[in-house]
Amino acid sequence: MKKIQISPSILSADFSQLGNEIKRLEKGGADMIHVDVMDGHFVPNLTIGPPVIKALKKHCSIQFDVHLMISPVHKYIEAYSEAGADIITIHPEATDNIEDSILKIKSLNKKVGVSLNPDSKIDLIIDHLKKIDLVLIMSVNPGFGGQKFMPEVLDKVKQLKDIQSKKNMDFDIEIDGGINFDNCQSAIEAGANILVSGTTVFKSNNGDIKKNIDLLKLK
Ligand code: DX5
Ligand code: ZN
């Protein structure tokens with residue numbers, strides 16, 4: 001059984017204090033930092049890019065779990081690797097050749113993740129599962145924090161877990177979007193071992209990050 005890890009999304013952080021927010025997350029027991037990169041093209045929102053990630057990395061000793069919601073993504077992979085991403089997760093719809101993009105990330109010695117939007121089927125990535133380190137299952141349509149969890153994606157998590165066990169593969173299953181204290185247990189029971197959470201970690205219990213991370217893990 002893989003250890004349950006929490007990857008708080010800084011999309012819900014105070015962007016005027018990002019360096020301090022990153023330190024608060026690390027101190028509060030985050031296992032990694034989920035960095036949502038958005039380009040206003042692949043998703044209707046725009047966040048941060050390589051220079052900000054590079055600056056933030058200096059203030060943090062835990063892994064940067066970088067979720068690239070950008071397209072075209074292939075030509076930017078190297079920049080995020082150099083900026084300090086430890087895990088680079090891409091969307092199959094954002095590259096002309098998913099195999100090439102996966103191999104590019106691996107050639108840079110970074111962990112490679114592939115993300116499935118709520119409407120995307122596992123078939124889209126089934127042939128690549130043995131090459132990747134992580135599958136990011138979106139439980140909201142990407143673009144914004146604070147959205148409502150879509151429970152129907154749990155069937156996809158279960159299916160993926162089933163394939164992983166049957167084919168004896170070892171990729172992490174990360175779930176992202178609307179994760180809170182009421183649904184985190186079902187996500188874990190379905191097979192997710194990494195929970196992304198922005199709103200719940202930063203806004204619940206008067207912003208007590210340590211308490212919120214512990215509650216998500218212990219549920
Ligand atoms: C949405 C992002 C998610 C989101 C999670 O496009 O990929 O990581 O920020 O935030 P919450 O936990 O608030 O849904
Ligand atoms: Zn994300």
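Guide: Let us begin at the ligand: a polar side-chain atom of serine 9 lies 3.1 Å from an oxygen atom of ligand 1, which falls under polar contact, a pair of N or O atoms within 3.5 Å, where within protein one must be able to donate a hydrogen and the other to accept it, and residues adjacent in sequence count only if both atoms are side-chain atoms. This is a predicted model, in which local features need pLDDT of at least 70 and side-chain atom pairs count only at pLDDT 80 or more, while totals for chains, interfaces and linings use all residues. Residues are numbered from 1 along each chain as written, chains are lettered from A and ligands numbered from 1 in the order written, and side-chain values use heavy atoms, with hydrogens and water left out.

Visitor: How much of the area that ligand 1 exposes when taken alone does the protein bury?

Guide: A backbone N or O atom of glycine 146 lies 2.9 Å from an oxygen atom of ligand 1. Taken alone, ligand 1 exposes 380 Å² (accessible area by the Shrake-Rupley method with a 1.4 Å probe), and the share of this that the protein buries is 99%.

Visitor: Which element gives the largest share of the shell around ligand 1?

Guide: Ligand 1 is surrounded by 21 residues, with Asp36, Gly143, Asp176, Gly198 and Thr199 the closest, where a residue is near if one of its heavy atoms lies within 4 Å. The strands (DSSP E runs of at least two residues) β2 (32-38), β3 (63-69) and β8 (194-197) are the elements that give two or more residues to this shell. The largest share, 3 residues, comes from β2.

Visitor: Which side chain makes a polar contact of 2.8 Å with the side chain of histidine 91?

Guide: Histidine 91 lies in the loop between β4 (87-90) and α4 (98-107), α4 being a helix (a DSSP run of H or I, at least four residues). The side chain of histidine 91 makes one polar contact with asparagine 117, side chain to side chain, at 3.4 Å. The residue that has a polar side-chain atom 3.2 Å from an oxygen atom of ligand 1 is histidine 67, and the partner at 2.8 Å is the side chain of histidine 67.

Visitor: Is leucine 116 buried or exposed?

Guide: Leucine 116 is placed in strand β5 (residues 111-116). Because its relative accessibility is 0%, and buried means under 20%, exposed over 50% and partly exposed in between (1.4 Å probe, protein chains only), leucine 116 counts as buried.
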